[in-house]
Amino acid sequence: MRTLERVWEGVAAFGRPPAPAAVRLAVDAAEAAELRAYATHPDVIALRVERVRAQVDRLCWSGIVLGLGFTMTNVQSFAAAGTAVWSLPWLAAWLLDPTVSLVLLAILRAEQVTARYRVRTGPWTRRAKWFTLAATYVMNTWHSWAAGSVSGVVLHSVPPLVVFVAAEAVTDLRDKLTEAASTAFTEASEHARPVTAELAPKVTRAPVKPRHRNKKSARVSFDEYLSAAREAWSPGVVVSPAWARGVTGCSRGLSSRLAATLAAEVDGGDSDD
């Protein structure tokens, strides 16, 4: 709406209304300039990178959780081998895989925060992550290796390996996305343009009339109306009550007195000259 007002103010300087097609093109150009200025703003570019980072995190976390869920039954079978179904050891075997998985998830969650702020973790963090991943892989594929089943080894190796690769890759991806966000913000800041679209020249405004006071405020005095009329008058202007009302906004009853007083001053000034 402000863009349209600027266009109309600019074309009003020519003294005639513009063609509808010209108005549409001027409005489209002004809106396009504002849109381009916002699209290249550093904060907008950094926000886009942050959104990509959030999508990558969600996808990686979904794959890791699903992969760990797939390995749970195989780990339980490994831990409960030779025990009766629904016995206490059989039930306790279900706790082995969540124990390892929760430690792994805690490490990955911590690395998610440290990678965001480019804080490097110690060697024990990586060792703990590798140990939990290796333990999950061994327990998940043990029966297939013992039975000599190649297809079983391949089947039960894919989810743990995917989890392992994703756990390593997601940390590096977060670090690189943080660097990308910082680089994009810096480059955009160097080439940032002000968010404006000044397409039309400014129109010279007429003399400002005295503002109408609020009814609750003090009334405007006769001298104030007279001062406003003096400022608005110029040589060649016929002083009349209607003219006085138009330039000062005074009442009809006061306009006659105001016009007579100003006319007397003007006529006196002309006679002196």
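The model is predicted.

**Nonpolar cores**

The largest nonpolar core has 13 residues. Those with the most contacts inside it are L226, V239, W243, A244, L258 and L262. Three helices each supply at least two residues of this core: α8 (222-232), α9 (241-248) and α10 (252-272). Take L226 as a way in. Setting aside neighbours within four places in sequence, L226 is in contact with L258, T261, L262 and E265. Of these partners, L258 and L262 are also listed among the residues with the most contacts inside the core.

A second core is separate and has nine residues. Among them are I64, L108, V163 and A166.

V150, V154, V158 and V162 make a nonpolar surface patch of about 350 Å². V162 sits in helix α7, which spans residues 150-190. Is V162 buried, partly exposed or exposed? V162 counts as partly exposed, because its relative accessibility is 45%.

**Salt bridges**

Side chains of opposite charge can pair when their charged atoms come close. The model has five salt bridges.

| Pair | Closest N to O distance |
|---|---|
| E50 and R53 | 3.1 Å |
| K129 and E111 | 3.1 Å |

Start with E50 and R53. Both lie in helix α3 (residues 42-79). They are three residues apart, so about one helical turn separates them.

The K129 and E111 pair links distant parts of the chain. K129 is in helix α6 (residues 123-147) and E111 is in helix α5 (residues 96-116). The two are 18 residues apart. Both K129 and E111 are buried.

R126 and E168 also link distant parts of the chain, 42 residues apart. R126 is in helix α6 and E168 is in helix α7. R126 is partly exposed, with a relative accessible area of 38%.

Which residues are linked in a network of salt bridges? They are E111, R126, K129 and E168. Helix α6 holds K129 and R126. Their listed partners are E111 in helix α5 and E168 in helix α7.

Notes
Residues are numbered from 1 along each chain as its sequence is written. This is a predicted model: local features need pLDDT of at least 70, side-chain atom pairs count only at pLDDT 80 or more; totals for chains, interfaces and linings use all residues. Side-chain values use heavy atoms; hydrogens and water are left out. A nonpolar core is a set of buried Ala, Val, Leu, Ile, Met, Phe, Trp, Tyr and Cys residues joined through side-chain atoms within 4.5 Å. Buried means under 20% relative accessible area, exposed over 50%, partly exposed in between (1.4 Å probe, protein chains only). Helices (H or I, at least four residues) and strands (E, at least two) are DSSP runs, numbered from the N terminus. Contact means heavy atoms within 4.5 Å. Patches are made of residues with over 30% relative accessible area and no salt bridge: like charges are joined within 9 Å, nonpolar side chains (Val, Leu, Ile, Met, Phe, Trp, Tyr) within 5 Å. Accessible areas come from the Shrake-Rupley method with a 1.4 Å probe; for residues, only the protein chains shown count as cover. A salt bridge is a side-chain nitrogen of Lys or Arg within 4 Å of a carboxyl oxygen of Asp or Glu.
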